[in-house]
Amino acid sequence: MSILRTEVAIVGGGLMGCWTAYFLRRRGRSVAVAEKGLIGAQASGVNFGNLRIQARVVGELPLSIRAQEYWERFEEITGESCEFAPTGHLRIAFTPEEVATLEKYATEAEPYGLGLQLLDRMELRRRWPWLALAIGASFSPRDGAANPRGTATAVARAAQRNGARIMDQLKVTAIESVAGRFRLSTDRGVTIESDVLVNAAGAWANDVAEAFGESAPIFAAGPAQFVTEPVPHFIDPAVQAMDGSTIFRQVPRGNVVVAGYPRGPSDARSNRAPVAPLKTAAHMARLIEAVPALASCHVIRVWSGIEGYLPDMLPVLGASETRPGLFHAFGFCGHGFQLAPGVGLVLSELIVDGATPTPLRGFEISRFSGGRQTEAEQFRREFDAR
Amino acid sequence: MPEVAIVGAGPAGLSAASVLVEHDVKPVLIDEGKRPGGQAYRSPAPGLDLPIDALLGTESGKYRRLHARFAAIAERLDYRPETLAWNVQEGKVFTVSGPRIVTIGYDALILAPGAVDRLLPIKGWTLPGVYTLGGAQVFLKDQGCLVGRRIAFCGSSPLLYLAALQCRMMGAVVVAVLDTTSFSRKIGAVPMLLASPRTFARGLSYLAKLRRSGIPVRHGVRSLEVAGAKGVEGVIYRESSGEVRAVACDAVALGFGLRPEFQLAELAGCELRYDAIFRQWFPVCDLDGRSAKGLYAAGDGAAIGGADAAELSGQLAAYAVLEDRGLPVPQARLRGLRRGLGRLRRFQRGLASAFAWPHAWLADTPDDVIVCRCEGVTAGDVRRVAHAEFGGSEINRLKALSRLGMGRCQGRFCALSAAELSAAALGRPHADFGRLRGQAPVKPLPMAARLEP
């Protein structure tokens with residue numbers, strides 16, 4: 001048995017853990033990441049790949065905007081491509097009520113400098129003549145997309161080049177406090193001892209939090225998605241219907257990636273995320289109502305994954321309420337991909353400086369203490385009756 | 001009576017249907033093809049007068065019997081041609097036919113989807129004019145067409161010889177049959193091949209006929225590649241003697257044995273097992289085809305065995321369905337079927353040795369050769385991802401990081417080769433590299449297809 005002593009230990013080798021390791025190394029802290037499976041193989045690797053700033057609750061915008069800079073500089077930072085494409089993001093409305101919501105959001109987001117463009121039906125047709133049904137939209141020019149599959153591994157390699165210890169297929173089996181330090185036992189004989197512990201364990205994060213008497217009502221669900229064969233490129237922005245009935249983007253090589261709500265079930269214990277065939281069929285129908293030109297292509301593959309959700313559709317991000325030196329970053333409710341570099345940056349600031357300029361109000365784990373839960377309206381929209 | 005669905009209307013599916021009908025069960029028979037028969041007993045398009053007896057030779061009697069049997073039971077079946085079973089979940093088969101998605105519930109499901117050619121990526125294999133052996137036979141048997149005027153048959157498979165003879169009979173010039181397994185290895189397999197003397201003799205007669213026709217047959221061919229600029233212009237290979245030769249042709253039929261179509265079985269809940277002789281994966285089932293609860297596998301999709309074995313295993317699967325529901329079955333007949341099937345499958349294991357999958361080639365596949373043709377992933381890409389830190393340590397990871405197997409065919413034609421190639425690059429056993437996890441749809445699903453209410 002060997003003991004690995006480090007200043008910061010991170011449980012979870014997804015994007016959150018890897019970016020945190022990267023930024024902590026930039027600040028000179030020694031870091032070890034323990035990943036039970038493969039780097040970035042869960043929510044980080046199977047998500048839709050949206051790098052979307054708009055349509056977040058405004059409280060998340062400062063974090064999201066900080067994150068975007070690192071996606072824009074991804075290649076410079078990691079030396080690898082994540083297929084980042086600054087496509088812009090188009091949020092489309094089908095009803096006057098939805099148009100009103102878009103207008104309200106644009107006003108609220110105005111101080112954050114997103115530069116949202118509100119488009120009426122005529123402008124929409126002029127810019128994207130293949131769009132049917134939509135009667136209004138909000139276009140966010142700074143948004144984009146990336147291929148999530150190889151992204152976490154690229155960040156892990158960058159962190160490793162900067163001196164981080166990244167260990168995959170290493171499952172943390174027990175966490176204790178010993179003499180003011182964290183002690184992590186693993187299934188491969190290595191014991192990790194650290195001053196600081198970051199809980200970036202995704203859908204499995206309660207296993208870490210509960211070791212310190214904390215928990216959040218996290219549950220696993222999956223983003224049911226599918227993709228078409230490559231077809232000639234004509235869809236430039238990533239598009240999302242306000243009611244979530246269809247979400248799509250076309251990658252440069254021509255495949256159209258499609259998602260839609262309600263989200264599907266998944267099981268973090270058995271590591272299964274089945275895609276219900278009837279959901280695929282329903283999403284196919286919604287897609288071609290929105291873009292009739294896609295009626296002649298084919299679905300070649302469906303997939304889903306295991307993402308951690310919380311009932312108020314906000315993440316847990318920040319310091320533990322029960323154990324100094326413990327930090328949580330989990331439960332990103334299907335919108336964590338874009339936030340990841342921001343999360344890593346903010347955690348590195350909290351750990352090194354003891355504070356961050358980015359507001360994290362509303363993300364405290366204590367909001368769930370005593371069994372308190374608030375269901376977001378968004379939650380009801382994105383899930384089947386549970 | 002149980003609701004039974006059968007996927008596949010080749011010799012296995014039709015034999016299963018026929019047993020069920022005899023026992024007053026009316027199965028749903030789901031056929032991706034336009035007409036029953038599957039691949040071995042594919043019938044020509046209506047109005048096309050092909051010399052079936054000549055093409056099938058000794059097997060033509062079986063062809064006629066199978067089609068006659070279908071005609072006799074057609075009224076007592078729910079036959080659904082041109083219907084793709086694209087998913088199995090929660091006790092239902094999801095099918096698509098034209099613009100309609102139809103779900104079919106079942107108490108028992110017999111999966112008899114057959115097999116496809118196993119391919120090995122060689123230089124030039126993605127050039128227009130290169131076909132799979134099975135593809136070349138579809139051209140011929142379905143439409144009476146040839147894949148080219150001057151055809152080279154390459155790879156290692158008993159079907160190489162049969163397909164070459166059939167194409168020659170229909171007017172093609174067969175420029176060469178280039179078999180990558182050595183003659184001495186074939187001799188070594190003879191004791192196993194004697195498990196079915198009749199099938200063995202049939203194979204020898206194909207070889208003799210080719211020789212009598214003056215068609216060059218080469219064994220132990222190496223360094224095979226297809227040459228051409230915009231399409232096939234010839235094949236280049238190294239003789240077992242070491243001499244490099246080139247033959248001009250305008251089409252190549254390529255095949256290295258068969259690969260079971262196990263995707264539906266996996267989606268339905270069958271376990272899969274690795275077979276070290278075939279160096280590939282098969283659904284786990286007993287000799288009767290029992291796999292998971294209510295699930296039965298038959299034909300080449302269960303274990304490579306050929307058309308005769310498919311007929312026997314289809315019958316056995318149907319009897320297993322009946323027996324598992326407490327219905328009386330003729331035990332003596334079952335024993336006979338099992339004996340016959342066991343013999344034919346032992347014979348196939350001999351064939352797997354006589355026509356070996358030249359997996360060692362994949363250690364030397366040049367970096368610029370495309371392995372995944374749907375996504376354009378080369379051998380070099382595969383090796384780079386396999387070697388990368390946090391890289392492709394097993395085939396699903398390799399897929400995620402390289403796009404291999406993400407295209408239209410979903411890895412059906414590249415995954416086995418990619419796993420061999422990566423395992424060789426990393427010095428690990430092939431079986432360790434795993435297999436691609438199945439995801440629906442097993443074949444492309446038209447976007448405009450709508451669920452039948």
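Two residues are in contact if their C-beta atoms, placed from the backbone, lie within 7 Å. The model is predicted, so local features need pLDDT of at least 70 and side-chain atom pairs count only at pLDDT 80 or more, while totals for chains, interfaces and linings use all residues. Residues are numbered from 1 along each chain as its sequence is written, with chains lettered from A and ligands numbered from 1 in the order in which they are written.

Leu15(A), Cys18(A), Trp19(A), Ala21(A), Tyr22(A) and Arg25(A) of helix α1(A) meet residues of α7(A), among them Val155(A) and Ala159(A). Helices here are DSSP runs (H or I, at least four residues), as are strands (E, at least two), numbered from the N terminus.

How are the two helices arranged? The axes of α1(A) and α7(A) lie 9 Å apart at an angle of about 25 degrees. Axes are lines fitted to C-alpha atoms, for helices over the stretch in contact, and angles run from 0 to 180 degrees between N-to-C directions. The two helices are therefore roughly parallel, a term for angles under 35 degrees.

We turn to the two chains. Their contact takes 28 residues from chain A and 23 from chain B. On the side of chain B, α12(B) gives the most, with 3 residues. Strand β18 of chain A and β23(B) run antiparallel, joined by 2 bridges; strands pair if DSSP finds at least two bridges between them. Here Val299(A) stands opposite Leu445(B).

Definitions and conventions. Angles under 35 degrees count as roughly parallel, over 145 as roughly antiparallel, 65 to 115 as roughly perpendicular and the rest as oblique.
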